[in-house]
Amino acid sequence: MALRAESAHEEGRKGVFNTKRWLESTTHIELNFDAYDWAPECTISCLDGGLQTFDLKGQIYKSKSMLFVENKAYTSVGSQAKDYQDFLAIAYSATAAEISRTQDPRWQFMWVTTYPFAQGKWPKLTKRSQIKAALEEDTTGLLNGDPIDEEVLDLMADRVWLLVYNKRQQEFTLTPQELNMIEAKLNRKGKA
Amino acid sequence: MTIDVRGSAQDEAPVVSAVRQAKAYSRSADVIEGVKTAVIDELKRLDPTLKIRKTDYFNHSYAPDLVAVWREAGKEQERRIFIRGSLSSVVAAEDVESLADQEPLLIGLGDEKKKVLADLRKQLPASTRTLATEVSATSRIPTLTRDQQRDTQLSGLVRANIVRGGRGLLSDRAADRIVAVEEDEPLEALKAFQTTVRQLFTGATAERLNRTAGLLMQFFEEHPSQETLALLREEPLLDGELRVVLPYVLRRASEVRAPEVWDALASMLTLERLESMSPSLADLDLTPIVARAAKSMTAGRSALFPNVEVANDEQAELPPSWKVRNGRLVADVHRWALWMGTDARKIRARDDGTDARWDELSAPLRSFDLTAIELHGLSRQLAVGNEDPDTLREDVERIRETIEDDFHVAAVTVREKGDADAGEVKVEFEGAIGTGKATVALHVRAAALLAVRHPLADEDIETLIGG
């Protein structure tokens, strides 16, 4: 599986923290855990019992849902098209596994890349059909032999995010100093 | 590198162990709560006077995890604390630059390798007011067992300032250098300490610590700067400084090579200062400094009681020495304890002192100017005073010859021979005390009259008050 922390690569690590800062500067998201220092927190289990670790884990304040982020700090397209398919299949498999264990975890999954891929299919990449296609093409046993659950697929359709990040976006992002000034006023966390 | 959760818990510092346990919780909220509590406990261990509040954030890019609050010069001060999984993450996230305006304390939960620390150093500008450290480093600074020592140890002063004003990188090595200043080889340790202090602090804190460390280094030099020593006589150290310097030097008395160091320290000493810093001087031999200050320090009360601290003959044979006990200065002189206090309330009189006869006292009193005497007979009590000591001695002899009674001496008032400036001590034999504003030297010699039947040896007195 491709979804492993890029611990061997310093650039990958920097990329993860760039993405973390960018997402947190939206004031809507908090990413408390990263795969480098908090691997168990960023790890979820799939239908086949296998464990998958995402680069970041946190929450989206508004929906109060947990968010798993996979980051690709690439300078070329690489094997992203295939890796992204794996990502979709894992998102489904982990959610289905959790539903069967307890209840719908309402997890959301985000793919952040510095280099777009599969541009011919770009508008459809987060759609239900793509998740289904990813599961059908999966050869790693993420479904553990189970049929695809259409209801889970329906749930997943709104829970996948695909964002492109460019380092220069930092120039148009509020600085930590500015964010500190408005954080209390915005009260995104809904503190009493 | 993160903490190895499989590793042995033996020899682990409490904070490292608490973090490891917190990271093993299954619920994220428990992990966050456990880690924050572990870090708070660690920072409060360094400075118990801090108040530290938790925020609603954890490991956030720009919102702190904790805020340390304290009062300084009547104003509330705060420092934002960011907990990071490791200093590697601090480097990768470029936290030093992005959080610089908050002048924060960044604390990593790991124990990083040299390479990461070198990368971090490159990110820290020389003028930074950000402190980056990790629990493996802070945990190397041991906990003090006594609260009083917190501000009386050089390393304690650093410890108390780490959260409030530390800057730069506090690595394992820097922490070791801070702790080592309390070890042996003071000159080398102080040099390393001073370097570390320069790197870790700026402003008034750095200035104060540097001055203290620099001064201490002079004290252990074979040829200390005479200029520095002279300056000390003109501008004595502040109480807070002396409270650190004095115990440090006394603990390493054998390393002091120049006698003038003791003279310089003695010139700053008063009995009031000694009493106020007594907790930090407990168990130390103060003789090198008190003996030199005996002629300049003033006491209001002295007493000579049997020494209850002497448990055996071996202890009784030890040379006399000055100490502080129960907040007061005391000299152990074989089987006697010679107490000194700033005023009469500090030492209460006993009621089982020995009486004294004129015939016994007459000779030892010749080394003083006798200004008053109280004689108690079976039927009469006489108080005789005379500014002329020789005349007073004659008066006493005349009284003994002309009045038939069994007189004993209840009290004598004495001065240094020909030196009224040294003060006056009234020695009361029943109470076994001496009272009056006078030099410690006069008090010692006067209180020695209380042991007239088992006189203190001249060399013992010389040890206590100098030649």
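What share of the contacts in chain A between residues at least 6 apart in sequence join residues at least 24 apart? The share is 72%. Keep in mind, as you look around, that this is a predicted model.

## Chain A

Chain A is built from five helices and seven strands. If you follow the sequence, these elements come in the pattern α-β-β-β-β-β-α-β-α-α-β-α. With a radius of gyration of 17 Å, close to the 16 Å that the globule rule gives for 192 residues, chain A is as compact as a globular protein of that length.

Its C-alpha trace spans about 50 × 45 × 30 Å along the principal axes. Of the 192 residues in chain A, 37% count as buried.

## Chain B

Turn now to chain B, where you will find 21 helices and 15 strands. Its radius of gyration is 30 Å, well over the 23 Å that the globule rule gives for 467 residues, so chain B is more spread out than a compact globule. The box filled by its C-alpha atoms, taken along the principal axes, is roughly 100 × 50 × 45 Å.

Buried residues account for 44% of the 467 residues of chain B. Among the contacts in chain B with a separation of 6 or more, 65% come from residues 24 or more positions apart.

In general, the strands of a sheet pair through backbone hydrogen bonds, either parallel or antiparallel.

To see one pairing in detail, look at β14 (residues 419–428) and β15 (residues 433–439) of chain B, which are joined in the antiparallel sense over four bridges. Here B:K426 stands opposite B:T435 in β15(B).

## Where the chains meet

The contact between the chains draws 21 residues from chain A and 21 residues from chain B. On the side of chain A that touches chain B, α1 (10–24), β1 (29–34) and α5 (176–186) of chain A each supply at least two residues. The largest share of that side, six residues, belongs to α1(A).

What kinds of residues make up the side of chain A that touches chain B? They divide into five nonpolar, four polar and twelve charged.

How values were computed:
Residues numbered from 1 in each chain as written. Chains lettered and ligands numbered in written order. Predicted model: local features only at pLDDT ≥ 70, side-chain atom pairs only at ≥ 80, totals over all residues. Rg over C-alpha atoms; globule rule 2.2 N^0.38 Å. Buried ≥ 20, exposed ≤ 12 C-beta atoms within 10 Å, placed from the backbone. Contact = placed C-beta atoms within 7 Å. Pairing = 2+ DSSP bridges. Nonpolar A, V, L, I, M, F, W, Y, C, P; charged D, E, K, R; others polar.
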